[in-house]
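User: I would like to go through the terms used for this model and see what each one rests on. Please set each value against its cut-off.

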Amino acid sequence: MEGKSRFFFVLFLLLPLIAKQVSATPHVVGGSQGWEESVDLNSWASGETFKVGDQLVFKYSSGLHSVVELGSETAYKNCDLGTSLETKTTGNDVVKLNKVGTRYFACGTLGHCDQGMKMKITTVAGNAPSTPASTDSGAFTAHSFPRFLMFSPLLFTFLLCILF
């Protein structure tokens, strides 16, 4: 009986953690083309639903582009990069969407923002329906849940607790 109790106790503790990871959707900015000048980023963003808990994944050539988060719509409209909140430069950057509201992003390379390499997104409450991430991104989606669990440290811990 103790084994079953331990199983359900561990399941009770881990299920919310697994469920939270399942509900987060990664959005590869610009789709298969990524964070590039040739992509109409605002059109791409208008076709997505961004929820609290989701992630923006910026894929680009490091050294050629960067990701600058701007603090206001005025800064966004004027490409005022001097008011940036944060700058990312790795070429594979992840931004967590942790609250409801509008956020503004631009490329920090001189002239790129003025040429249209910028976007604004609006994040909604976490219970709104989310658009799935592109399957060619290699990112986790709810449809790949079994594959995700195969590599999950949580699953490994869960199995260890059950077996020992």
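User: What makes C79 and C113 buried or exposed?

Analyst: Both C79 and C113 are buried. Buried means under 20% relative accessible area, exposed over 50%, and partly exposed in between, with a 1.4 Å probe and protein chains only as cover. This is a predicted model, in which local features need pLDDT of at least 70 and side-chain atom pairs count only at pLDDT 80 or more, while totals for chains, interfaces and linings use all residues. Residues are numbered from 1 along each chain as its sequence is written, and side-chain values use heavy atoms, with hydrogens and water left out.

User: Why is the link of C79 to C113 called a disulfide?

Analyst: A disulfide is a pair of cysteine sulfur atoms within 2.5 Å. The S to S distance from C79 to C113 is 2.1 Å, so the pair meets the definition. The structure holds one disulfide. The angle about its S-S bond is -80 degrees, and the link is left-handed.

User: What does the pair tie together?

Analyst: C79 sits in the loop between α3 (73-78) and β5 (84-88), and C113 in the loop between β7 (101-106) and β8 (118-124), so the link joins parts that are 34 residues apart in sequence. Helices (H or I, at least four residues) and strands (E, at least two) are DSSP runs, numbered from the N terminus.

User: Why does H27 count as buried, and which side chain does the side chain of H27 contact?

Analyst: H27 has 0% relative accessibility, so H27 counts as buried. H27 lies in strand β1 (residues 26-28). Its side chain makes a polar contact with the side chain of D54 at 3.0 Å. A polar contact is a pair of N or O atoms within 3.5 Å; within protein, one must be able to donate a hydrogen and the other to accept it, and residues adjacent in sequence count only if both atoms are side-chain atoms.

User: How do you know that β2 and β8 pair?

Analyst: Two strands pair if DSSP finds at least two bridges between them. β2 and β8 have two bridges, in the parallel sense, so they qualify.
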